[in-house]
Amino acid sequence: MHPRPQPDPALKIFLSGTSLLTAYGGPAYSVSRLAAALVAEGADVGLWAPDGSAMTSPLVLSGSRVTRLGGSLGEAIGRFGRPDVLHDNGLWRRHNHESATIAARLKIPRVVSSRGMLEPWALDHKGFKKRIAWRLYQKRDLVRASVIHATTERETENLERLELGVPVRAVANGVDLPDLSSVERPEKALRTALFLGRIYPVKGLPMLIDAWAKVRPYGWRLMIAGPDEAGHRAEIQQAVHAQSLGDVVSFSGQVDGEEKRRAMIDADLFVLPTHSESFGMAIAEALAYGLPVLTTTGAPWPLLSERNCGWRVAPRADALAKGLRTATSLSSATLRSMGANGRKLVGNAFQWNEVARQMLALYRTAIEIASAKPRVAAEYE
């Protein structure tokens, strides 16, 4: 008789993000939900952020066996115990550099999720500072990683163009499907296009205001929801005033929990006029709520047109205007049908349990790479 195969031992994963507060947007949600999904698949997960938000964030599922960690990075690792893998999310920040330093010193395999921060638009934004940081420490820190994690094939290709000599692996984010069984969406005299996300230059809101002014769709209003960053909301409000759109464009500020759910349910169309996204968590969430999506080619979502659940246009005001004319001319029934297509898409393709299994396989790859070839490029020592 052959011996019965033994299950793999549970991996001990230290997972860090810049912030796990809802105001931080998609990465806060995806890192928090990944932690819970990994635990559900049998991993031992410690979750930490430099602002202490792992201790309090409502995005970390209550009842989950995720170990919430506070204090400094070194203190958090000390309390959690030596991990099998250190998974760091994001770049450029002091704690990201500290993560690379600690992992190298303790010889812990390190996975880095770039979270879109090495996409072309992101590199150009504040490019002078980033070029300095790249030469001083960021390139070295990436070269010392075991695996770099991307969320789409496009992001993978852009990362590989940097020729860092580190394997890049793509695993998409997961998406939660909200319960909509009791939701009714009756016909309305005034329909709503919703932007929900950080109010920040990368999101392309000036283009959206210009496009809305060109189209001025009858029977529609635009709701802009989300936290202000770097005072960008004032710039958008000024553009709304300059275009005399105050009667049809409104701002709700940050929405969370039931407010966010209500905003999604009350909307008829989701709009993300972005310059650049590594994944586009807001798009996935909108589809999960059954909303068709109008976005740009800055978001890696060709599935929108392929599955008839939305549109992608060039990141320009005239292209957005054309997309708005098309979307806002459709009947509510047609938009709901497209939204149903999108909900089916994310329900089939982005389940968190499958994402967690793929990430566990990625972690094991990182461990194998680190043990087979402890690599530190001599030129960076």
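This is a predicted model: local features need pLDDT of at least 70, side-chain atom pairs count only at pLDDT 80 or more; totals for chains, interfaces and linings use all residues.
The buried set consists of W352, V355, A356, M359, L360, L362, Y363 and A366. Viewed down the axis of α14, these buried residues fall within an arc of 165°, so they line one face of the helix.

Helix α14 itself covers residues 352–372, a run of 21 residues, and the 30 Å from its first C-alpha to its last is close to the 30 Å expected at 1.5 Å a residue. The partners of its buried residues include one helix, α1 (26–40), together with the strands β1 (12–16), β4 (85–89), β5 (110–113), β6 (147–150) and β7 (168–170).

## The crossing of α7 and α12

Two packed helices are described by the angle between their axes and the distance between the axes. For helix α7 (residues 205–215) and helix α12 (residues 317–328), the axes come within 8 Å and cross at roughly 55°, which makes α7 oblique to α12. The crossing of this pair is right-handed.

On the α7 side, the residues that take part in the contact are M207, L208, D210, A211, W212, K214 and V215, and they meet A317, L320, A321, L324 and R325 of α12.

## Positive phi in two loop residues

K107, which lies in the loop between α3 (94–106) and β5, has a phi near 55°, a positive value in a residue other than glycine. Its relative accessible area is 68%, and since exposed residues are those over 50%, K107 is exposed.

A230 also has a positive phi, of about 60°, although it is not a glycine, and this residue is found in the loop between β9 (220–225) and α8 (232–242). At 79% relative accessibility, A230 counts as exposed.

## A buried loop residue, T274

T274 is likewise placed in a loop, the one between β11 (269–272) and α10 (281–288), but this residue is buried, with a relative accessible area of 0%. When residues up to four places away in sequence are not counted, T274 touches V202, K203, G204, T295, T296, G298, A299 and P315.

Notes. Residues are numbered from 1 along each chain as its sequence is written. Side-chain values use heavy atoms; hydrogens and water are left out. Helices (H or I, at least four residues) and strands (E, at least two) are DSSP runs, numbered from the N terminus. The expected span of a helix is 1.5 Å times one less than its number of residues. Buried means under 20% relative accessible area, exposed over 50%, partly exposed in between (1.4 Å probe, protein chains only). The arc is that of the directions from the helix axis to the C-beta atoms. Contact means heavy atoms within 4.5 Å. Axes are lines fitted to C-alpha atoms, for helices over the stretch in contact, and angles run from 0 to 180 degrees between N-to-C directions. Angles under 35 degrees count as roughly parallel, over 145 as roughly antiparallel, 65 to 115 as roughly perpendicular and the rest as oblique. A crossing is left-handed if the near helix is turned anticlockwise from the far one by less than a right angle, and right-handed if clockwise.
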